[in-house]
Amino acid sequence: MEDSILALLDNAKKEIVASNSTSFVNEVRVKYIGRTGLLTSMLKDLKNFPSQDRPAIGKLLNDARIAIENLISQKTAELIVEEQKQKEYNETLDISLSLPSYKRGVLHPLSIVKNEIIDIFTGLGFSIEDGPEIELSKYNFELLNIPADHPSRAFCDSFYISDDILLRTQTSGIQARVMEKTLPPIKIICPGKVYRPDDDATHSPMFQQIEGLYVDKNVSLADLKSVLQLFAKKFFSESTKVRFRPSYFPFTEPSVEVDLSCAMCGGAGCSLCKGTGWLELLGAGVVNPIVLDNCGIDSSIYSGFAFGIGIERATMVKYGIPDMRILFDGDVRYIDQFR
Amino acid sequence: MLVPISWLKEYVDIELSPMDLKDALVRAGFEVEDIIDLSKKIKNVYTSKILNIKNHPAAEKLIVCEVNSKDNNNFFIVTNDLSLQINDIVPLALDGANLYDGTIIHRGTVRGFNSDGMFCGPEEIGIFDTLSSITPKNVYKFSNSTAVGEDVNIILGRNEIVLDISITANRSDANSILGIAREVSAITGKPLKKDFLKEYLSLSPLTKVKCEIEDNKKCKRYIACLVNNITIKESPEYIKKRLKAVGINSINNIVDLTNYVMISVGQPLHAFDFSKVSGNSLKIRPAREGESITALNGIIYSLDKSMLTICNSNEPMAIAGVMGGQGHSIDSNTQDIILESANFARESVRNTSRSLRLQSESSLRFEKGIDFYSQELGIILALQIINEENWGTSDSIFDSLKIVPQQKIISFKSTDISKILGIDINNEDIIVPLKSLGFKIAIQKDYFNCTVPRWRDDICGINDIAEEIIRIIGYDRYDKIDAQRIGTVILGQKGDLFKLTEKAKDILLGDGFSEVVNYSFIPQKALYEINVANDFKEKIISLLNPLSEEYAIMRPLLSYSMIKVMAKNFIRGNKNVKLFELAKTYIKTDNLASKLPHENYKLCMSSYGSSFYELKTTLERLMYSFRFDVIFKRKILPFMHDFRCASVIDKITGVEIGFIGEVKESISKSVFDITDKLLLCEINFEYLLNNYQGYKNFKNISKYQISDRDISIVLDKDINSQDIIETVHAAATELLVEAYIYDVYYGSQVNSNQKSVSIKLRFQSYTHTLNDIEINGEIERIYNLLKENFKAYLR
């Protein structure tokens with residue numbers, strides 16, 4: 001009897017080891033320790049043995065059952081891992097494959113630069129104002145101290161819709177509109193499209209400007225310098241320097257051209273700055289008291305500064321774009337570079 | 001403005017190098033565009049006198065000339081110009097010479113005969129404006145009085161450094177050699193060498209001509225000076241050379257004189273032949289209707305009464321400030337002249353110049369504005385030269401200015417200046433620069449009473465004074481001011497327009513749409529190309545002066561520009577392009593209160609290489625994020641596919657806010673060469689801005705289980721999905737929280753005019769878990785209404 005039990009256990013062991021799937025292991029389980037399994041029936045036959053033999057045989061049978069169960073659960077666990085592995089192998093993906101439509105869209109470089117400038121100035125307390133692109137000459141010229149016989153009023157320097165309505169040549173009209181209806185302190189920036197009749201590599205008949213205006217008590221040219229110095233550091237780098245040069249704009253007095261030390265060479269002189277070490281990027285100045293008075297702000301109490309940045313020019317400098325017309329070309333191969 | 005440095009030195013001593021002078025001028029507000037070295041191009045070319053001419057021993061068409069030239073040496077030159085004569089003075093390029101076009105000349109042999117150099121044609125020494133008697137191929141001949149053996153650069157006035165200075169619009173007073181000299185004097189501290197005011201005129205009043213000014217607004221001052229016994233001849237070398245250096249050709253002494261004075265002191269002059277001032281009357285009056293004039297350029301101009309003219313008793317002799325007439329100007333027979341030095345109003349000259357399309361050096365200067373002081377200066381300098389050169393005798397003078405205008409006096413304290421500039425300013429900072437610029441200063445207690453020089457019309461107030469001070473003492477005073485002063489602390493606000501624009505853009509970017517920026521102008525023909533000319537007929541904003549036909553009107557819609565840029569991408573072979581633009585459109589307004597047109601922010605999206613439903617998904621995603629419920633209704637648009645276009649409608653208000661669909665093939669393909677399906681959507685973004693509600697109230701979510709049911713129905717295939725879903729919602733109670741179509745089937749399982757639609761229904765309650773009875777009740781109501789509305793049946 002003992003021999004046949006050991007032989008049975010041995011067979012079972014061999015079959016379990018040889019099993020290559022969980023279902024086969026299950027078959028082995030049914031065959032030996034299932035309800036009608038070989039070992040189970042031997043256990044059922046135990047009552048036929050003499051009572052003095054029963055404990056010994058019973059123990060043998062029981063040990064064999066436990067051994068088989070252990071082997072089975074061990075084998076099953078192994079096979080489950082293996083089968084899972086196989087299943088996953090069968091589900092192999094070519095992870096190097098990409099869909100053709102993965103691309104996110106790209107913001108236009110002019111918007112990128114505009115937003116960057118807006119971020120800097122809103123951080124300094126300037127709020128955004130918007131206004132009409134087609135403007136009354138009153139706001140575009142007269143209130144800004146650009147008299148009727150001023151050269152920039154000439155027909156060839158602006159696009160006209162009628163005698164006194166034109167495409168704004170600067171966003172300063174918004175400033176005039178804000179000053180007319182608001183008391184100082186006024187601290188605004190006016191981004192937007194403006195129009196002038198030039199069309200070449202560095203001029204476009206439509207371009208974008210951000211103009212800033214700060215009117216308060218005791219605002220001076222030194223405050224302008226401070227704000228633009230901060231802007232220059234944030235927009236280019238901490239080491240960027242700001243330089244004033246005298247200039248002329250009817251709405252500011254004194255007026256200055258603002259040069260920033262070259263972003264590419266840092267001032268040593270390169271192709272971008274044409275060897276001068278400086279980039280001409282802004283026009284600015286102390287708001288002409290005539291303009292304040294024109295807009296109903298008492299120039300004996302308040303003073304202000306104003307500045308204007310050409311977004312196209314800033315973008316070209318920032319990214320080294322050689323021709324302004326590229327910005328309006330619309331070919332996705334240009335735009336998608338700015339992701 | 002071209003400023004030869006040697007001419008400038010006549011008025012002020014200059015010790016700076018041209019480069020340093022340039023930097024100094026730039027720091028003072030005068031942009032120097034260029035430093036031109038006129039002698040650079042031509043080197044080692046000398047005047048030579050032909051002493052002897054022989055035939056070339058070996059060639060019939062060549063001659064050998066013996067010439068005297070550089071350092072009194074004689075040279076032998078082979079040439080093919082058989083017209084040369086003994087005693088001709090010609091340019092000789094010696095060994096190693098550079099010619100105007102960059103050619104380098106070397107000594108060599110010509111057909112066996114040694115030639116020491118080469119004679120030059122006019123173009124080879126940079127003369128392009130010679131009279132027709134000299135052909136460019138022949139050797140250039142100088143006048144017989146020309147010095148021999150001289151560098152041609154000296155003879156031609158090219159031994160000169162010229163600054164090209166651009167002058168800002170407020171500084172018309174600096175538009176002359178004298179004007180720049182004043183600035184140089186102020187910057188360097190060297191005094192001006194000439195003081196013209198000391199030599200004021202002492203001529204008797206003009207009686208031989210009666211001068212009358214009809215319009216003293218347009219003619220603010222008129223000086224007429226009679227000069228007798230004029231000899232018309234060539235100008236002296238110094239005048240010819242200087243004019244040449246600023247790009248003006250020499251004509252004769254009197255014409256040259258007017259130009260020379262204009263460049264010297266900025267005052268345009270004009271010379272009339274006295275014998276042609278018929279009736280001895282000089283009238284400055286508006287032209288009469290029908291009058292015309294043959295100007296000095298030979299062109300006949302018809303005049304009108306807006307134009308100011310200088311007339312004799314019969315007819316206009318000159319267009320005031322613009323150009324003289326041919327019949328009344330000087331010629332070789334002229335004996336007596338009237339010299340005019342006038343101040344014509346800027347606007348008047350500009351308008352005349354513009355409507356005649358006629359510009360001159362003189363009109364450009366009048367347009368910029370000339371001060372009262374210059375008229376005297378101009379006449380004084382002109383008479384001085386006439387006197388020195390012995391060209392005639394000044395006789396008598398008329399000056400319309402009876403009272404010299406008061407000089408402006410500006411009073412201020414030093415604190416006024418430092419308040420504007422924001423830096424410390426002491427008395428010396430104020431006095432030194434202002435005095436050097438010609439201001440007179442009287443100090444009274446704390447006040448500076450500052451008399452503005454008569455030529456500085458641009459100085460009106462303290463801010464102007466502050467600018468004069470800082471530009472002379474130097475803006476480098478600001479170098480030390482760093483970023484510490486940001487003024488009153490105010491919250492910087494970006495505002496809804498910016499924030500919502502960025503929000504919208506971000507959604508589109510996420511869906512793969514890149515941004516483009518197109519011009520606001522489009523051609524008139526654009527509207528015809530997309531068949532909308534009639535729709536916008538009365539509403540178009542046209543430019544009065546467009547740059548070209550391409551930029552003629554302000555766009556009333558973004559779609560045209562978008563189709564254009566999509567076509568550009570398509571033709572260049574870019575695949576699967578998706579673009580958007582967010583910009584304004586412009587139409588005439590019906591609103592009588594507003595003088596300005598209506599400007600409207602629009603959003604345009606377009607794609608090819610992807611489906612209508614992808615574009616629609618992006619639009620719906622945008623609307624979802626902006627919390628707008630929209631419905632789509634079929635729409636007929638002149639440029640869109642009749643059966644693949646929808647209007648986008650705000651479900652709450654019923655307002656149409658845009659369209660979406662496929663562009664008609666007869667446009668996308670036939671007009672724009674896009675052979676793929678072009679999808680297009682244009683939305684009134686202004687509507688979204690104005691009606692945006694944003695996220696308001698928090699709503700809790702239901703704690704109870706959601707139950708999903710799917711139903712499939714068969715119905716007519718023309719019934720649109722939106723109506724089916726609306727019907728489903730109409731039939732159900734609020735327990736139906738979501739319903740959408742997840743499958744549409746056409747094919748053999750249903751009739752050819754039918755489709756099968758599978759709908760996902762999701763039910764949920766806030767109060768309890770729903771049971772089958774409740775849900776089945778909902779489904780039955782839904783099914784019944786679908787049956788009723790669409791004759792639908794369960795599949």
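Modeller: What follows is a short chat about peptide bonds and backbone angles.
Modeller: This is a predicted model, where local features need pLDDT of at least 70, side-chain atom pairs count only at pLDDT 80 or more, and totals for chains, interfaces and linings use all residues. Residues are numbered from 1 along each chain as its sequence is written, while chains are lettered from A and ligands numbered from 1 in the order in which they are written.

Colleague: Thanks! Is the peptide bond from Pro184(A) to Pro185(A) cis or trans?
Modeller: That bond is cis, and its omega is near 0 degrees.

Colleague: And where is Pro185(A) found?
Modeller: Pro185(A) sits in the loop between helix H7 (172-181) and strand S5 (186-195) of chain A. Helices (H or I, at least four residues) and strands (E, at least two) are DSSP runs, numbered from the N terminus.

Colleague: What joins Glu253(A) and Pro254(A)?
Modeller: A cis peptide bond, with omega about -5 degrees. Pro254(A) belongs to strand S8 (residues 252-261) of chain A.

Colleague: Over to chain B. What is the phi of Asn72(B)?
Modeller: Its phi is positive, about 65 degrees, although Asn72(B) is not a glycine. Asn72(B) is in the loop between strand S4 (63-68) and strand S5 (74-79) of chain B.

Colleague: Is Asn72(B) buried or exposed?
Modeller: Asn72(B) is exposed, because 8 other C-beta atoms lie within 10 Å. The cut-offs are buried at 20 or more other C-beta atoms within 10 Å, exposed at 12 or fewer, and partly exposed in between, with C-beta atoms placed from the backbone.

Colleague: What about Arg111(B), which phi does it have?
Modeller: A positive one of about 45 degrees, and Arg111(B) is not a glycine. Arg111(B) lies in the loop between strand S8 (108-110) and strand S9 (113-115) of chain B. Arg111(B) has 12 C-beta neighbours inside 10 Å, so it counts as exposed.
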